[in-house]
Amino acid sequence: MKKNDLEFYDRSAAQWWQPDAKIYALHRLNPLRFQYFDRHLTNWQGLRVLDVGCGGGFSCEFLAARGAKVFGIDRSQSCIAAAKAHAATSGFEIDYQCGYAEDLPYADRYFDVVVCVDVLEHVTNWQQTVMEIHRVLQPGGTFCFDTINRTVQSQLMMIWFLEGVVKAIDRGIHDWEKFIKPEELTSLMQQQSFTNIDIKGFSLFGSSPWDAIATFWHYKRTGSLRASITDNTSVMYIGKAEKTARS
């Protein structure tokens, strides 16, 4: 079976903004994510923000609505086309382009904030991606991220349960071997002179299989996701880091 099937995002581009599409669950995650990010960035107005792996534009439009000057980049031409079309109908001015996270086509120290959510576990080289994010951030700029831990719990939850049992995600979207332990990401960020690193658990499914089943059926009935920021990073985690002012 194919793993880390990025063609899923190309296939989903035409339905990206349709509420009944599987991909639309990512749209519903933004208010939950920003409950955490807003703890560290209380005013997005006027900030120059890059969304790495922007897909069809969920996070970009969320940020644009808050007054940020938004740039989005994604490897998928189909997703970028969908993002541009939706931004035009929504009245948002967002700078979209195709490109790869490992080779960002932006000048050094260009952004106040870089957002990279649901992406690091999919790129070819997450270490190079983090180094590129560091390069394009201004000194004192903030890196906002979430990703998936490489644990038995994440394999059961993200692959066995979500892909295999309830089929909330297409089979093959994830590759457990590409998941990233928080200590691995923290170590690289420290080597890259990131500071004020904060990482928390990003729980969408509770702490047990029964919680996960109840949460999934709640989503199927209501279209809303339950999430909490916790100290348990065993499945998903969310965090922020700051580029040192002298780097």
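Analyst: Strand E4 (residues 111–117) pairs with E5 in the parallel sense, over 6 bridges. Two strands pair if DSSP finds at least two bridges between them; strands (E, at least two residues) and helices (H or I, at least four) are DSSP runs numbered from the N terminus. This is a predicted model, in which local features need pLDDT of at least 70 and side-chain atom pairs count only at pLDDT 80 or more, while totals for chains, interfaces and linings use all residues. Residues are numbered from 1 along each chain as its sequence is written, and side-chain values use heavy atoms, with hydrogens and water left out.

User: Which residue stands opposite valine 115 in E5?

Analyst: Cysteine 144 does.

User: How many bridges join E5 to strand E8, and in which sense do they run?

Analyst: E5 and E8 (residues 236–243) run antiparallel, joined by 7 bridges. Phenylalanine 143 has alanine 241 of E8 opposite.

User: Why is E5 described as largely enclosed by the rest of the structure?

Analyst: Buried means under 20% relative accessible area, exposed over 50%, and partly exposed in between (1.4 Å probe, protein chains only). Strand E5 (residues 137–148) is largely enclosed because 9 of its 12 residues are buried.

User: How many disulfides are there?

Analyst: A disulfide is a pair of cysteine sulfur atoms within 2.5 Å. The count by this rule is 0. Cysteine 60 is in none, and the nearest cysteine sulfur, that of cysteine 54, lies 4.6 Å away. Cysteine 60 is buried, at 0% relative accessible area.
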